Amino acid sequence: MRKILRGFGRASLLLLLLLTIAAVWYWRASLPKIDGAIKLPGLSAGVDIVRDAEGIPHIYAKSSADAYFALGFVHGQDRLWQMEMNRRIAAGRLAEVLGPGAVDTDRFLRTLGIARNAQAILANLAPETRAMLDAYAKGVNAYLSNRTQALPAEFYLTGAPPPAPWQPVDSIGWQTMMAWDLGGNWTQELLRMRLSQRLSLAQINEFLPPYPGDAVLQTQDYTKLYRELAGTTEQLRMVAQVAPPSLVEGMGSNNWVVSGALSESGKPLLANDPHLGLSAPALWYFAQLSAPGLNVIGATLPGIPGVVLGHNERIAWGFTNTGPDVQDLYLERINPDDARLYQTPDGWAAFKTRSETIKVKGQADVTLEIRETRHGPVITGALPILAKAPLDARKYAIAFAWTALRTDDLTLQAGMRIDTARNWDEFVQATKDFSAPQQNMVYADIDGNIGYIAPGRIPIRKPENDLKGLAPAPGWDARYDWAGFIPFEALPRQYNPVSSRIATANQKIVADDYPYFLTSEWTLPYRAKRIADLLDARPKHSLESFAAMQKDTLSLAAQDLLPLLRRTVARSADAKAALAMLGGWNGEMLAERPEPLIFNAWTRELSRQIFADELGDELMNDYWDQRNVQASMVNVLKDVDGQSRWCRNVNDKLDGKPQTCADLLASSLDVAVADLQKRYGAQMSAWRWGQAHQARSEHRPFAKVGLLAKFFDIRVPSPGDTYTLDVGRYNLRDRDEPFVSHHAPSLRVLYDLADLENSRFIQSTGQSGNVLSPLYRNFSQRWVDVSYLPMQMKRETVEAHKMGVLTLTP
C-alpha cells in the first residue's frame, strides 16, 4: 500500500510539474514579440514599432500604407480575440462559437444587415480610403499567417476556430456597430408604444418630460392606435431584449476647449472623455502612426485603421455624442389577402425578401427569412414568434429606418481624413463624409484657433409629421416619410467664438430658433452646467485645472433632489441616522464616503415606489432607468402642475387616506436602509460608495460565466454617478449589484496646444487583451484615480524608456 501511495504521489507531482511547465510555456507563448525583426510580405519598406514604457506602439514607417499595415499587425498581436468578437457581432455570427444562446442576437443583426451594408459601403469609398483599409487588413493577415504567438486563451476555452483572414468589410461593420452603441431613439419609441397600453398621453409626457426649459412637444394622441396593437408591441419588446445594447443615460461624453485668452499658456487647451460601456479589454487601444504626411497619436479601435480621437502635429480634436433622432420605427400594414404585400402611400408593394443561414455551435443550422420595406428591415420578424402572436401581429409589421444603414455612409473615410487635417478648413472638409453617429466635435490648433462642428446625416421630418419621431409611425402615410437630410452647411458649428470657449456634454446644442429638428430627447444638462461653472471659476486654465474638472464628482442631480429628500419625517432610528448623514452632505459622490450610497439607494427605491403602480411590474422592470425617472421624479416631488398625484397608489389607500409623497419618502427610506444593512452590514459609517459602485469592465463573453468572470473581468472601486463629470452609470434594474458602474469615461485625454508633447491620456484597462499579460489591467487603478500617461510623439523621448523595438521588413 505504501508503494502504491508513493507511486501515486510521484505521479501527482509529475503531473503537477508538467502542468506548471505547460502553463509557463503558454504564458510566454501568449505574449507578443516586441523586439527583433520579422520579415513579412506586403510591406514596401521597413517599419519600426517602438513600444514605450506602457506598451503603447509608436509606428515609424516610410509610407502611410505601411503605417496602417503595422497598425493592423499590432492590433492582431494585442487584441485578436476582441477583434474576432467585434466582427462576429457585426456579421451576426456569434452562435458559431457561443452556441444557441447567441442565436437571437444573430437573428437581429442579420435582419439589420450590417455586414451586407458594409460590403456596399466599401464600393462607395474613395480609392485612397480603400487602399488604407486594404493595407490594414494585410497587416492583420500578415500577423495571422506568420504568427508564432499562441492564440488568446478565449479561442481554446470557447472552442472557436482560428480566425479567418481579416477583410476591409470587417472594419466597416464595426464602425457601424459603434454608431449603434451611440444611437437609441428606437428604444424610446418602443417605450412610448408600450406605455400607451397603460397610460394616457398626458401621463406619458409627465413620465418622459421635455428637456428643461422646453415645452412639451405637441403630437397626435398616439395611445389610441397602439392600444389596438398589443401583440405587435409585445413582439417588438422581445426583439429589443435580444438587440445589442445601445444609448443609455450616462453614455455620452464630455468635451470642452478654451482659446489662449482663457489659458495660462496663451494657447488652446482641449479636454475629452467619451462615456461608453466598460469592457475588458478596453474599447480603446493607444498608438502613434508616423509616416510622410501622417503623424498622429491617440485612441484607435481594434479592427479599424486610424486614430479616432487624438492629435497630429498641428491640430487636436475631441468628440461627444450629439444624440439626434436618426432612427424611426414604421408600422407597416400587411395585405390581409396576401402576406407578401404591405401598404404604401401609392398602394400595395411587395416585401423585399432574402434568406440567411445561421450556423450554431452544437446544433443544426437556423434559416432566417428576412423582409424589408421601403423604410428598412422588418425587425418584428427577427424572432420566430409570429405564429404564436396575437392577430394584430399578423396584420402589422415594424420596419426600422436608420441613417447608418445607408450605403453612402462614409464615416470611416471621414475619420481617416481627420487624422491628416492641418487646419480648420481641412478638418471641416474631412467631416463632410461623417454620417453616423452625429458627434459634437471640438477642435483646437497650434495657431490658437478653436472650433466646433456637429457633422452627421440627420433626417428632415415634414411639418405635417405630428409624431416628430417620438413614436412608431404609420408606414402607409407619406407625411411620416423623411424629406431628405439637413444640409451640411446648416449643421451647428462655431469658430473662434467671442466667449473663447466651447463645451458639450450631450446637452441641447441648438437655440430654440434653429430651423431644423434634431431631437427632443437631449441628455439632462447637469454635466454641461457643471462644466460651465468650473470654467467660470478660474480666469485662466491649465492642464491641471482641466484634470481636476475630469476628476470632479459633484452631482448637480443629487443637489436637485437633496432639499426634497431632507423634508422627510423618518420613522425609525436607523432612518433618522441615515437622514442625519445626508443633512450636511453636498452631493459629492466620493468613493470613500457612505452618503452617496445612502442617497442612491434611497432615490432608487423612491423612484420604484412612485412609478411602479402606474407602470406595472413588466414595464417598470424593463424601463427602470435614470434616463426615464430623474427629471420626472423631481417634478413629482416638487408637485409641478400637480404631478404629486403620481405618489397616490392606484390600487388602494393608506389608512383610509390617499397615499402622499411624504408617505413614499418615509417608506422608501426605510426599505433602502434595510436593504443596505443586509448588503453591507449594520454600521452605516462603515459603508462605502466605492465598495458598491465598482467600475466593472466586462469581458465578452466570459462576464456571463461566473468562475471565468473573476479572472477576465476587471473591477475597481470608483466614485461618481450618472450625472457627475467623472461619470459612473449604474443600472437600477440590477437586483444583485444595483450600483456597479457599467458606463464611465472609457478614455480621458487632455491636449496642450502650446506644446503637444505635454498632452496626456488614459484608458480604462490596459493595452493588452491577454488576461495573462501584465498589460491587461495595469491602467485600471490609474484610470479610476484620474491619473494620465504621457502622450508623446518624439522618437527620442519614446525610445528613452522603451520596452522594445520590433522591425518589420518586406
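Helices (DSSP runs of H or I, at least four residues) and strands (DSSP runs of E, at least two) are numbered from the N terminus. The structure is a predicted model, in which local features need pLDDT of at least 70 and side-chain atom pairs count only at pLDDT 80 or more, while totals for chains, interfaces and linings use all residues. Residues are numbered from 1 along each chain as its sequence is written, and side-chain values use heavy atoms, with hydrogens and water left out.

D675 and R679 form a salt bridge, with their closest N and O atoms 2.8 Å apart. A salt bridge is a side-chain nitrogen of Lys or Arg within 4 Å of a carboxyl oxygen of Asp or Glu. D675 is partly exposed, with a relative accessible area of 25%, and R679 is partly exposed at 29%. Here, buried means under 20% relative accessible area, exposed over 50%, and partly exposed in between (1.4 Å probe, protein chains only).

## Salt bridges between separate elements

The structure holds 45 salt bridges. In one of them, the side chains of R192 and E521 meet at 2.8 Å, N to O. R192 belongs to helix α9, whereas E521 is in the loop between β24 and α16, so the pair ties together parts that are 329 residues apart in sequence. R192 is buried, with a relative accessible area of 6%, and E521 counts as buried at 15%.

A salt bridge also joins R696 and D713, whose closest N and O atoms are 2.7 Å apart. Strand β25 (residues 694–699) contains R696, and the loop between α25 (706–712) and β26 (714–717) contains D713, so this pair ties together parts that are 17 residues apart in sequence. R696 and D713 are buried. Elsewhere, a network of salt bridges links E84, R87, R88, R93, E96 and D170.

Strands of a sheet pair through backbone hydrogen bonds, either parallel or antiparallel. Two strands pair if DSSP finds at least two bridges between them. Strand β30 (residues 760–763) pairs with β31 in the antiparallel sense over two bridges; the bridge partner of R760 in β31 is P790.

Contact means heavy atoms within 4.5 Å. Axes are lines fitted to C-alpha atoms, for helices over the stretch in contact, and angles run from 0 to 180 degrees between N-to-C directions.

## A three-stranded sheet

Another open sheet has three strands in the order β17-β12-β21, with mixed pairing. Here β17 (396–402) and β21 (473–474) stand at the edges with a single partner strand each, so one side of each is left without a neighbour in the sheet. Strand β12 (residues 327–333) pairs with β17 in the antiparallel sense over seven bridges, and the bridge partner of R333 in β17 is Y396. Helix α9 (residues 185–195), which holds R192, lies across β12 and β17 and runs at about 50° to β12.

## Two crossing helices

The axes of helix α20 (residues 595–615) and helix α22 (residues 626–637) come within 11 Å and cross at roughly 75°. These helices are therefore roughly perpendicular to each other. Angles under 35 degrees count as roughly parallel, over 145 as roughly antiparallel, 65 to 115 as roughly perpendicular and the rest as oblique.

In this contact, T603, L606, S607, I610 and F611 of α20 meet V629, S632, M633, V636 and L637 of α22. The contact residues divide into seven nonpolar, three polar and no charged. Nonpolar covers Ala, Val, Leu, Ile, Met, Phe, Trp, Tyr, Cys and Pro; charged covers Asp, Glu, Lys and Arg; polar covers the others, Gly among them.

## Two loop residues

I379 is placed in the loop between β16 (366–372) and α13 (391–395), and at 0% relative accessibility it counts as buried. I379 and L329 are 50 residues apart in sequence and 9.3 Å apart in space, C-alpha to C-alpha.

V771 is found in the loop between β30 and α26 (780–784) and is partly exposed, with a relative accessible area of 21%. V771 and P281 are 490 residues apart in sequence, with 8.6 Å between their C-alpha atoms. Not counting residues up to four places away in sequence, V771 touches F711, F712, Y776 and R777.
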